[in-house]
Amino acid sequence: MNDQQRRRPAKPHRRPQKDPVRFLAFEVLRAVDERDAYANLVLPPLLKKARAKGDFDGRDAALATELVYGTLRRQGTYDAIVAACIDRPLREVDPPVLDVLNMGVHQLLGTRIPTHAAVSASVELARVVLGEGRAKFVNAVLRKVTAHDLDTWVERVAPSYEEDAEQHLSVVHSHPRWIVSALWDALGGGRAGIEDLLEADNERPEVTLVARPGRSTTDELLDALGEESGLPGRWSPYAVRMAEGGEPGALAAVRDGSAGVQDEGSQLVAAALAAAPVEGEDTRWLDGCAGPGGKAALLAALAAGRGAALLAAEKQPHRARLVERSLAGNPGPYQVITADGTRPPWRPGSFDRVLMDVPCSGLGALRRRPESRWRRRAEDLESFAPLQRGLLREALKAVRIGGVVGYATCSPHLAETRVVVEDVLKGRGGAPVEAEWVDARPLLPGVPALGDGPDIQLWPHLHGTDAMYLALLRRTG
């Protein structure tokens, strides 16, 4: 080295540049991991704040949303790819580093962002949130990822279907193996059906509105949205689907509560219970697990149209407040109380119709809450089981003879659906209950593929809804 080379000044240190879109997406991913937060609750207020400050436009918000949900949905696949590109067990990679890596892999393999831009933006993010040393690690890993496209990587990291069908589906479709197994058992059939279901779980769900009877109509919502932004619901007479990117809060009907955001599957559950025939009077309805209030609001509106009153009960005070907000302005009589459905304050036989939408694993809403698939464990179902059975038993006590109970869950897992109902009816774990099945299928006219009955199971890939389950039971003694 000559004297001139020795005297050459060192390259000045460049301060890393903060990319607001990727930084916000990283913040959401960290909240999901560190605080068990849900992205659909954390992301919207952050986007609203960024827009208010002038940091984001519509395209920025769309990119941040894609980075968050795409990374969460495909986390299992991306974990397997990252694991193939490092020389240590994946569990030894710090979670913040893995979040940056997986978000980078999603940009490389799951979006149309150019390769050089995806790598450089991810490395720059790593410099901001992780430091220079770990940014070099991120750079090295992502450059290895660029060697193949997604299909080639999946072929390399997933076992063949013939070798291990469940693990193949787990890696290819980014679901934990135990969930693949549980969904396959519930769905039945061969390979095509389960692959369609798993892929549907990885698609962005539509935003669906509900026009609450007596307060708004679907025609009014469609007129407010315009031809390019609104479509009628597929199955529910109260549903309107919004075009991608639409903002429900911009509609006056949503702001004043005459309409709401509600998956079509949830609407169908409430509609089927309301349509079930009951013997005798029909004036007292109960929603025994009413939070956060979507089904209660629809039931209250339907009850008001018949001169009936709804009692909405919710155990958690903060969720009871959400129910009150959802029902505010309902034209008919209703009451919201904070009460535990397993220790109810009402007398037996007080109601003509009862809905018990029980707490569950939420495996039916993985499209909306993709992080749930990584957070739930198979053993979690054991903790829900006593509660679900207890709530159904109390619901059957709460309804009068000749009245109808709807047992609902946002889960297709057999241990949370038909097994619960059969155990309660047969007296397993408690006294037998005198009740009979009501065939729910005729109560949803026009809805296909409802199974053999008498209960119904909705599916994302067949109906475009969350995987809602409903069993209708009439008390006979």
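**A predicted chain in several views**

View 1. The chain's secondary structure amounts to 21 helices and 12 strands; helices (H or I, at least four residues) and strands (E, at least two) are DSSP runs, numbered from the N terminus. With a radius of gyration of 25 Å, close to the 23 Å that the globule rule gives for 477 residues, the chain is as compact as a globular protein of that length. That radius is taken over C-alpha atoms, and the rule is 2.2 Å times the number of residues to the power 0.38. This is a predicted model, in which local features need pLDDT of at least 70, side-chain atom pairs count only at pLDDT 80 or more, and totals for chains, interfaces and linings use all residues. Residues are numbered from 1 along each chain as its sequence is written, and side-chain values use heavy atoms, leaving out hydrogens and water.

**View 2. Inside the chain.** Of the 477 residues, 54% count as buried, meaning under 20% relative accessible area with a 1.4 Å probe, protein chains only. Look at the contacts (heavy atoms within 4.5 Å): among those between residues at least 6 apart in sequence, 71% join residues at least 24 apart.

**View 3. Helix α15, residues 264-275.** Because 11 of its 12 residues are buried, α15 is largely enclosed by the rest of the structure. Among these buried residues you can find E264, Q267, L268 and L273.

How values were computed: Buried means under 20% relative accessible area, exposed over 50%, partly exposed in between (1.4 Å probe, protein chains only).
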